[in-house]
Amino acid sequence: MVSVDGTRSPRYATAVPAPLGSTKTKRMPDIQVFGTDESQATRGAIRFFRERRVVVSFVDLRKRPMAPTELRRFTERLGARALLDDTTKAYRDGGLAHLSMTDSEVIERLLRDQRLLRLPLVRHGHEVSAGKAEATWAAWLKPAGGPAAR
């Protein structure tokens, strides 16, 4: 039995497909993941797409903060409260649980302190998701016509 890497030992055979290069094809969806390397949910999202052989554009929010227009794209579709992660230490330390804020005030806080964002933020064209949303991501990867269109 020859394994994926060309050796004869089954020890090195893996069930996970090899990651693609950075060259995109016409049929490959354009997926952009915003998050941090330390975030387990972000690593899970990248792993989800890699297992399905989809090239992902990853934006590390520690190195490159999210632009206001990009954050606006997420808030228009999901709402500002959906992007606010109330389980983070920054949320508790800021005392945000005891404040009543409007959506514009929430957006200002998210721009100032991006540790408050619910990660990962994933964008596919005009569709977006916040947090771990594997069912949504799987729907994005399905063919447009579905199985009956073949």
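Val106 sits in helix H5. In this predicted model, the residue comes out at 1% relative accessibility, and since buried means under 20%, Val106 counts as buried. Setting aside residues up to four places away in sequence, Val106 touches Ala80, Arg81, Leu84 and Met101. Leu84 is 22 residues away from Val106 along the chain, yet their C-alpha atoms are separated by 7.6 Å.

Stepping back to the whole protein chain, there are 6 helices and 4 strands. Read from the N terminus, the elements go β-α-β-α-α-α-α-β-β-α. The chain has 150 residues, and 36% of them count as buried. Looking at contacts with a separation of 6 or more, 63% come from residues 24 or more positions apart.

Helix H2, spanning residues 68–78, makes a handy case for looking at sides. Its buried residues are Glu70, Leu71, Phe74 and Thr75. These cover an arc of only 135 degrees around the axis, so they end up on the same side of H2. On the face turned away from the buried side, H2 carries the exposed residues Thr69 and Glu76. As for what lies over the buried residues of H2, the cover includes strand E1 (31–35), helix H3 (80–83), helix H5 (103–112), strand E3 (121–124) and strand E4 (127–130). After H2 comes Gly79, with a positive phi near 95 degrees.

Phe74 turns up again in the largest nonpolar core, a set of 17 residues. Along with Phe74, the residues with the most contacts inside this core are Phe34, Met66, Leu83, Leu110, Leu117 and Leu121. Helices H2, H3 and H5 each supply at least two residues of the core. Leu117 gives an idea of how such a residue is surrounded: leaving aside neighbours within four places in sequence, Leu117 is in contact with Leu61, Leu71, Leu83, Asp85 and Leu110. There is also a second, separate core of 11 residues, with Ile31, Phe48, Phe49 and Ala133 among them. In soluble globular proteins, nonpolar side chains tend to be buried together.

Two spots in the backbone deserve a mention, given that most residues other than glycine have a negative phi, and most peptide bonds are trans. One is Arg53, a residue other than glycine with a positive phi, near 60 degrees. Arg53 is found in the loop between helix H1 (40–51) and strand E2 (56–60), and at 39% relative accessibility this arginine counts as partly exposed. The other is the cis peptide bond joining Leu119 and Pro120, where omega is about -5 degrees. Pro120 belongs to the loop between H5 and E3.

Terms used: Residues numbered from 1 in each chain as written. Predicted model: local features only at pLDDT ≥ 70, side-chain atom pairs only at ≥ 80, totals over all residues. Heavy atoms only, no water. Buried < 20%, exposed > 50% of the residue type's maximum accessible area, 1.4 Å probe, protein only. Arc of directions from axis to C-beta. Contact = heavy atoms within 4.5 Å. Core = buried A, V, L, I, M, F, W, Y, C linked by side-chain atoms within 4.5 Å.
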